[in-house]
Amino acid sequence: MPQSELNLSDSPTFTTARLVELWCAEPVFFASRELSDTYYTEGAIGNYALAYALGWARAPYRLTGKDTGRPRYREDLTPLAGQHYILPAWPVENSPSYRFERFNALSDAYWYAMTNNRVATAREDLPLKRTGKKPNTYRPSNFPQTGRLRIIDRGNRFQTLVFGEGELPEYIRVGKFTSKVRVDVGEALPVRQLPADTYRCNTYLNSADLPPDLEPFAFDLIAIPPASLLKNLQFHGEAWQIGNFLIPANLEFLGGNSRE
Amino acid sequence: MSIEKLQSFLAPNYENFPKGRTIGVVVLRTTQSETIFRTEGTGEPMCRESVQAGVQNTESILRLVMTKRKQVAPERRRGREFLRNHELLYTAPKSDSPCSLNTNAPCEMCVDCFLYGFAAGGEGAQKSRIWTEDAFSVLPSTELIGDRTINAVFETGTMRDEKGNASTALKTSEYIKPGVHFLDIATLKDVTADELRYALGNLLLTTRYGAVSSRVGRMENQILGVFGGISELPSSLELVQGVYDRLIAENVALEHPLNTNALIEATQSVINTWTNKRGISMQLSSEELDALIEDIDRHWSLDEQETFLKRLDESYQPYRQIKQQSTKKGRKNK
């Protein structure tokens with residue numbers, strides 16, 4: 001892989017960036033916030049999700065052992081430093097439109113019972129339950145069986161800036177339900193390096209990707225996992241200007257830190 | 001055999017990392033009876049959505065939607081019926097119960113678990129390699145929806161029971177008429193030839209969708225095109241919009257019931273232009289498609305079903321052993 005051959009010390013800063021528009025061919029869902037049995041999607045698409053969706057990094061199909069309990073962002077994304085970077089996508093209209101949906105999950109058995117956050121399937125367990133015992137299939141599970149979803153509606157448009165070369169796919173899949181999103185790539189715009197000063201950023205940013213020497217003054221926080229997004233950031237530091245967009249200079253996935 | 005033509009887009013065996021092999025399938029789903037697709041519960045309207053009618057015809061219309069959840073769940077269950085019949089569903093490590101959907105205890109070893117995925121298992125997680133997409137009706141939903149009044153009479157045959165109490169089970173409910181066409185796109189990622197046969201077999205063998213599927217929800221699935229490539233086909237929304245434009249250009253009457261042959265022809269002419277698009281390398285010709293479906297039918301036939309499913313089941317063996325060893329270690333440490 002060319003990624004691993006890259007030497008960080010002489011990594012070139014990006015000279016161009018492309019403005020990309022994302023069009024949601026399907027409703028997009030992320031579990032940004034979970035309130036009781038309602039799951040909210042925030043009006044943004046995180047840049048780590050987009051990096052995987054664009055095929056820059058690939059997560060395995062099957063996870064086993066301790067890999068199931070932890071993300072691989074550091075291993076997967078920091079090798080991209082200096083080669084590729086993408087900002088979190090922000091809605092083109094001021095606020096995206098959402099929809100609410102109910103969901104319920106049923107078993108594939110002919111007989112089932114909705115118990116305490118669990119679909120029970122073993123009819124043999126019924127007599128046990130009547131005696132006051134709690135058979136295994138009746139115990140609550142840490143797994144939602146019914147609930148409501150707030151989803152970014154179909155037809156919403158998002159924008160983001162893509163740094164680095166390389167062709168982008170025409171369609172990507174994002175979100176918990178791998179929703180189809182069309183990628184419309186704009187022209188490459190030059191990246192102008194601006195000296196350290198006080199600036200106001202007009203894109204969304206990933207809080208984990210900011211360079212260490214940046215001085216942030218004020219921002220709005222979109223608190224979502226895995227790393228919160230910032231909007232309307234006012235900061236002191238070097239900046240990049242791309243068309244009408246002003247962002248902090250030297251953004252890299254996880255600040256380019258391949259280790260803690 | 002046409003499955004050989006797809007060879008470069010098929011995986012020789014299951015691998016853990018994605019390799020960008022994509023097979024796209026264009027599906028026409030036609031309701032054969034009253035059907036109910038809704039997301040908000042009993043008494044709520046059918047799933048519908050306001051979208052642009054065509055690519056060129058920019059007025060917006062309400063279309064019926066068959067959401068991806070309502071496609072993949074019955075199709076998985078269909079395949080699992082056969083797996084269960086041939087005893088190819090394993091015991092879940094977590095609960096000691098046989099593999100079952102939505103009980104938080106997948107077996108992590110069966111064909112269904114490997115192909116359609118699972119989350120929150122005992123040992124790990126598996127991503128689905130079958131990607132579905134919301135399917136749309138071609139015509140506006142106003143043409144396609146009817147109302148039924150439901151009254152549940154008592155065994156006396158009247159709406160009053162023996163004590164004279166009136167039944168409360170009276171309501172009006174919407175349904176989707178028979179003969180409604182949904183256009184759909186399914187995407188298969190890094191599947192082997194046998195996995196392709198399994199997934200498409202599930203799609204062709206599933207006949208019931210939506211709510212109350214023991215009474216209504218009969219549906220016929222037809223595969224109109226199979227593509228191989230390094231990226232996905234355009235979305236089903238763009239397909240249905242392209243077909244709508246084509247039907248208008250050909251002066252097909254846009255009313256229910258819609259002529260199925262005219263619809264298939266319009267769909268063919270839209271998808272035939274796709275091979276030139278970025279990342280879509282080739283489409284099976286109609287003879288090759290027929291041969292592929294024949295191949296699938298043969299593998300699912302009563303005589304060959306067991307051999308086919310067992311062979312597919314065995315292909316995952318290397319991945320199961322890794323898991324079994326690791327559990328052994330875990331026990332020793334305890």
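Start by selecting A:Arg182: with a relative accessibility of 22%, this residue counts as partly exposed. What you have open is a predicted model.

Shared partners tie A:Arg99, A:Glu101, A:Asp153, A:Arg154, B:Glu49, B:Arg69 and B:Asp134 into one network of salt bridges. Over all chains, the salt bridges number 39.

Next, click on A:Glu75 and A:Arg70. They form a salt bridge, with 3.0 Å between the closest N and O atoms. A:Glu75 is partly exposed at 39% relative accessibility, and A:Arg70 is partly exposed at 35%.

Now select A:Arg173 and A:Glu26. Are these two buried or exposed? Both are buried. They also form a salt bridge, the closest N and O atoms being 3.6 Å apart. This pair brings together distant parts of the chain, 147 residues apart: A:Arg173 sits in strand β12 (residues 171–174) of chain A, and A:Glu26 in the loop between β1 (16–24) and β2 (33–35) of chain A.

Time to go inside. The largest nonpolar core has 56 residues, and A:Leu22 and A:Phe163 have the most contacts within it. Colour strand β17 (residues 229–242) of chain A: seven residues from this strand make up the largest share of the core. Then centre on A:Phe163 and look at what it touches, including A:Phe14, A:Trp56, A:His84, A:Tyr85, A:Val191, A:Trp240 and A:Ile247.

Show the side chains of B:Leu289, B:Leu292, B:Asp295, B:Ile296, B:His299 and B:Trp300, which are buried. Look down the axis of α8(B): the buried residues fall within an arc of 125°, so they line one face of the helix. Turn to the other side of α8(B) and you'll find B:Glu287 and B:Glu294 exposed. What covers the buried residues of α8(B)? The cover includes α1 (2–5), α2 (68–85), α5 (193–205), β10 (219–229) and α9 (305–314) of chain B.

Finally, zoom out on chain A. Colour domain 1 (16–103 + 146–256) and domain 2 (106–143) separately; taken over C-alpha atoms, the centres of domain 1 of chain A and domain 2 of chain A are 41 Å apart.

Terms used:
Residues are numbered from 1 along each chain as its sequence is written. Chains are lettered from A and ligands numbered from 1 in the order in which they are written. This is a predicted model: local features need pLDDT of at least 70, side-chain atom pairs count only at pLDDT 80 or more; totals for chains, interfaces and linings use all residues. Side-chain values use heavy atoms; hydrogens and water are left out. A nonpolar core is a set of buried Ala, Val, Leu, Ile, Met, Phe, Trp, Tyr and Cys residues joined through side-chain atoms within 4.5 Å. Buried means under 20% relative accessible area, exposed over 50%, partly exposed in between (1.4 Å probe, protein chains only). Helices (H or I, at least four residues) and strands (E, at least two) are DSSP runs, numbered from the N terminus. Contact means heavy atoms within 4.5 Å. The arc is that of the directions from the helix axis to the C-beta atoms. Domain bounds come from an automatic or database domain assignment. A salt bridge is a side-chain nitrogen of Lys or Arg within 4 Å of a carboxyl oxygen of Asp or Glu. Lists of a residue's contacts leave out its neighbours within four places in sequence.
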